[in-house]
Amino acid sequence: MATARKAVVDSRANLPFVYRQYSPEQLRGVLHKMYLIRRFEEGAEECYMRGLIHGTMHLSIGQEASAMGICMPLAEDDQITSTHRGHGHCIAKGAEVSRMFAEFFGKTTGYCKGRGGSMHIADVAKGNLGANGIVAGGIPIAVGAALSSKMMKTGKVVVSFFGDGANNEGAFHEALNMAAIWKLPVIFVCENNGYGMSTSTARSTAVKNIAERAAAYSMPGVVVNGNIFSEVAEASFKAVERARAGEGPTLIESKTYRHRGHSKSDRNRYRTKEEIEDWMANRDPITLFENELRDFGFIDDHGIEAIRDAVAKEIADGIEFAKASPAPEIATLENYVYTEHA
Amino acid sequence: MDAAVRELTYAQAIQEAMAIAMDMDERVFLMGEDIGVYGGAFQVTGDLVERYGADRVIDTPISELGGAGVAVGAAVTGMRPIFEFQFSDFATLAMEQIVNQAAKMRFMLGGEVSVPVVMRFPAGSGTGAAAQHSQSLEAWLGHVPGLKVIQPATPHDAKGMLLAAVADPDPVMIFEHKLLYKMKGHVPEGHYTVPIGKAEIRREGCDLTIVATSIMVQKALDAAATLEGEGIDIEVVDLRTIRPIDRQTVIDSVKKTSRLLCVYEAVKTLGIGAEVSALVAESEAFDYLDAPIVRLGGAETPIPYNPDLEKATVPQVPDIIAAARDLVKGVR
């Protein structure tokens, strides 16, 4: 049995995973990024309402702990593929909000030089191979990236984010099967927010937990509360270790909820006001994490205030950067269709 | 025949190109269904798995969509995959990855990535495989910006264009007519490339231009040889690439001959013949035309099983002879 002295020294021993694994500074950084994701999307939504951003967007407000938890154990050169609801993944993997806003404004300083917008946001330098407008479109691509990692012996791990809707696409099944037979270093992350557009998983999916699909491909299937950062990060940490050890893929189902509608056209007719308000009031991932940090003594109210202020400034600066950036010349319309030969 | 002229079949030429590509660049690898010990449905990969191992000649499950996506993902992250579809018809199962991902990824990401994937599609009718294993779908992919689409018509070009495709930074779709696999022809040893986007004049003539693709090139040459005896002098343009199309070679040829016949195996309507006709009609070559443009394409039907019906579905040499003769003699 451990001595009393050891228990004092290791005062975090009884805390959840992330509080044992990461430094207080790292954990405060996570809270900062969760706020950055939340405020970025609120800022983008406001710009959209004011007509500064056109098209549509799919907000992940309410899912921030999932994006941050999964990305927590990843190295900078590990890679991800993302979804139409991908702003959080992009920020979690290290993107700058200024260049994301610039992309949403269609400017040349955006990550995709104004060609992709919200639905194709990417940051290749930080390992984000791109959001995807096709449900399950990124899953086989992630498996291909993992095949590259194995063949080139780079040690990179690849995470494929997708939603609950994707688990009924053929690409999901084909990709999981190939990743399993070739033991590739890839982690499949299903962010189950309960609805594929308007259709609930109960109505669309034969299994109760999407993680159960893992059994069909002989890989671990893990269900986590996607709104609790530590739970998500712990599952991701284990999956990353397994992948790096050459033991193959893992399917993580991160159960979460989107506070906003599917996209900007959603009238929320398929769920009740009470349901939405319950998730917002009682299971908000940022509130849950913030409370834990405070309860465990990692941060105080002053520290939280400082993070909120810093994020507010980053968002305001990012929007200003986007507004001030140049729009693409019409003459460049056909650029990037093919690789330019110098 | 010159003893120094080495001949290979079209299938052997492709296999040699893949071996050279793998020798030259360790990033190059092959993926596809039954391309390993089986050797590929048409024996194109043959014994490559014995020479390069199962890690570089990868048998995939029967998962065209997933397999194509894996190839795209590997290409984007530094590898140079060559993905074999067992039949070009199965592209229908993988259109999402080909059209939405491979073709658009570079553009959507503002030039931040390239997608150097090669996909090979055994195509066409004539093998008695009926409606789901005999189609010519190249124009489907030719319609998509971001893809390059080629149809080598000779063993020489099959090797040279594949090596050009592997070196190309963008996705290249190769449609190989299955009846060409056993065609023999001169294939130089070692590495060489045949440029993508350049048509080739296979035979010079002054009375009529035939623009043909894939297996129709040889049929057009056979027709031209017959018509030579009647004093009709035909120019045969092998289009070779349908995206990006070599407009200038077609326009220059029509300006010289003043007549145009397009011959292709795919369904006639909304096909490559429409594109070639339109590019001529829109160009300065229009003023040189002495006769209406004529297209010979596949019938407006799926490919039937019965061999006589199957032959009747696509243009044959007598059809080309009749159409060419009528055009030159002013019957049309």
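Buried area is the accessible area, taken with a 1.4 Å probe, that two parts lose on being put together, summed over both. The model in your viewer is predicted, so local features need pLDDT of at least 70 and side-chain atom pairs count only at pLDDT 80 or more, whereas totals for chains, interfaces and linings use all residues. Residues are numbered from 1 along each chain as its sequence is written, chains are lettered from A and ligands numbered from 1 in the order in which they are written, and side-chain values use heavy atoms, with hydrogens and water left out.

**Stop 1: the two domains of chain B**

Select residues 7–186 of chain B as domain 1 and 200–329 as domain 2, bounds that come from an automatic or database domain assignment. Their C-alpha centres lie 26 Å apart, and the contact (heavy atoms within 4.5 Å) takes 30 residues from domain 1 and 22 residues from domain 2. About 2000 Å² is buried between these domains of chain B, with carbon and sulfur atoms giving 56% of that area. On the domain 1 side, show B:Ser125, B:Gln151 and B:His177, which lose the most area to domain 2 and together make up 23% of what that side buries.

Which residue forms a salt bridge with B:Asp157? The partner is B:Arg202, with the closest N and O atoms 2.6 Å apart; a salt bridge here is a side-chain nitrogen of Lys or Arg within 4 Å of a carboxyl oxygen of Asp or Glu.

**Stop 2: between the chains**

Next, display both chains, where 43 residues of chain B are in contact with 36 residues of chain A. The area buried between them is about 3100 Å², of which 67% comes from carbon and sulfur atoms. Two salt bridges are found across this interface, and A:Lys113 forms a salt bridge with B:Glu112, at 3.0 Å between the closest N and O atoms. Helix H3 of chain B supplies the largest share of the side that touches chain A, with 10 residues; helices (H or I, at least four residues) are DSSP runs, as are strands (E, at least two), numbered from the N terminus.

**Stop 3: the nonpolar cores**

Now select A:Phe188, B:Ile98, B:Met119 and B:Leu141, the residues with the most contacts inside the largest nonpolar core, which has 86 residues. Such a core is a set of buried Ala, Val, Leu, Ile, Met, Phe, Trp, Tyr and Cys residues joined through side-chain atoms within 4.5 Å, where buried means under 20% relative accessible area, exposed over 50% and partly exposed in between (1.4 Å probe, protein chains only). Helix H3 of chain B, residues 64–76, gives the most to this core, with eight residues, and at least three residues come from each of domain 1 and domain 2 of chain B. A second, separate core of 66 residues includes A:Ile80, A:Val157, A:Phe237 and A:Ile319.

**Stop 4: a pair along a helix of chain A**

Finally, select A:Glu277 and A:Lys273, which form a salt bridge with the closest N and O atoms 3.9 Å apart. Both lie in helix H11 of chain A (residues 273–282), four residues apart, about one turn of the helix. Is A:Lys273 buried or exposed? At 58% relative accessibility A:Lys273 counts as exposed, while A:Glu277, with a relative accessible area of 42%, is partly exposed.
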